[in-house]
Amino acid sequence: MSYDGHNGTDFRLPTMAAQQAGVDVLAAASGRVLRRRDGMADTSVREAGRASVKDSECGNAVVIEHAAGWETQYCHMAKGSLRVEVGDRVEARQAIGRIGLSGLTEYPHLHFIVRHGGKIADPFAYGAPPNSCGAGRSLWQPSLQPLLAYRQRGILNAGFAAAPVTMATVESGDLDRKRPNIDATALVAYVRGIGLKAGDVQSLVVEGPSGQTIAENRAQPLQRDQAQTLIFAGLKRPAGGWDRRFFQARYVVLHEGKLVLERIFDIDLQ
C-alpha cells in the first residue's frame, strides 16, 4: 500500500501506548553514521501543523552509509532516543534509537528509506522497471521475507471497550489498558482495519455464550480504497446487570461475496 511521491517504507506501531513503551529501531545493515538529527518534539502534525516541520519532515533521524554506494535513512524517531553519533560504526541489528512521532507524521512509525548511488531504491522490488508491478528483487534477508510478504488488507486493532469508541481512543492505546469488567456500563466490540478496498463490505457481530446475536453492525460497501477504517458494535448493560460473562465477536470483510478478511475474538468479563 502506497501513494505517489512516498519514498520509503513505513513500519507502523498499533498505538501510541506501544510507542511510549519503547520500540527500538535497528540498523538494517552494517555501516557508518553519516548524518543525524535529534531534539524535535514527538507531536502529531495534525496538532502542530505542517509549517512546524518545514524542511525537517523526516523528524529525528539517522542516515547510515554502507558499502558499494548503499545508504539507509531512518525517520520520525523519538526525541532524545538516538544512540549513535556521526562517524560511529554500527553493525546490522544494532539499536540506533526508538520509534517516535517526530516530523511529518500523524501516527507512530518508522519511515525507512534505501538509496543506491544517491537514488531511491525499493527494498522490496530493487531494479524493477518504471511503472511495473511484481518485478524486481527483494533486498531483505530470505529469513525475513515471509514476515514482510504483501498483505492486501489487515487488522491493526481489535478488542472490547466499556465506552463509545473513536479513532483517537483506539490510537491512544487506552482501550488496551481499560478492558471491560463485570461492572462495565457498556460492552463495545471494535476493529480498526487497514488497506480495505472499494466494494469491501464489513460486518461485526457480537454473540453471547449460547451463540445468540446481541449486537451487530453491518456496514455499507466502501465507496473507495481506505487507509484505515473503524467499525464497532455493542450494547448497554442490562438493568439487572450482565447475566452472562463470555462474549465473542466476529469481524468479517467480504468482497464480491467472497471472504477476504476475518477475525474472531472474545472476552470473559471478570
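How many aromatic pairs does the count come to? The count comes to eight aromatic pairs, where rings of Phe, Tyr and Trp (its six-membered ring) pair if their centres lie within 6.5 Å, with planes under 30 degrees apart counted as stacked, over 60 as edge-to-face and the rest as tilted.

## Basis of the model

This is a predicted model, in which local features need pLDDT of at least 70 and side-chain atom pairs count only at pLDDT 80 or more, while totals for chains, interfaces and linings use all residues. Residues are numbered from 1 along each chain as its sequence is written, and side-chain values use heavy atoms, with hydrogens and water left out.

## Aromatic pairs

Phe-160 and Phe-265 form an edge-to-face pair, with 5.4 Å from centre to centre and 65° between the planes. Because Phe-160 belongs to strand E10 (residues 154–161) and Phe-265 to strand E16, this pair ties together parts that are 105 residues apart in sequence. Strands here are DSSP runs (E, at least two residues) numbered from the N terminus. Both Phe-160 and Phe-265 are buried, that is, under 20% relative accessible area with a 1.4 Å probe and protein chains only.

The rings of Trp-242 and Phe-247 have centres 5.7 Å apart and planes at 75°, so this pair is also edge-to-face. Trp-242 and Phe-247 are both buried. Elsewhere, ring pairs join Phe-11, Tyr-74, Phe-112, Phe-124 and Trp-140 into a cluster.

## A charge over a ring

The charged end of Arg-12 sits over the ring of Tyr-107, 4.1 Å from the ring centre. For Arg, this requires CZ within 6 Å of the ring centre and within 35 degrees of the ring normal.

## The four-stranded sheet

Four strands form an open sheet in the order E13-E12-E15-E16, with antiparallel pairing. Strand E13 (213–218) and strand E16 (258–268) stand at the edges with a single partner strand each, so one side of each has no neighbour in the sheet. Two strands pair if DSSP finds at least two bridges between them.

Strand E15 (residues 246–255) pairs with E16 in the antiparallel sense over ten bridges. Gln-248 has Asp-266 in E16 as its bridge partner.

## The three-stranded sheet

A further open sheet has three strands in the order E10-E11-E14, again with antiparallel pairing. Its edge strands are E10 and strand E14 (226–236), each pairing on one side only.

E10 and strand E11 (residues 186–196) pair in the antiparallel sense over seven bridges. Gly-159 stands opposite Tyr-190 in E11.

Notes:
Buried < 20%, exposed > 50% of the residue type's maximum accessible area, 1.4 Å probe, protein only.
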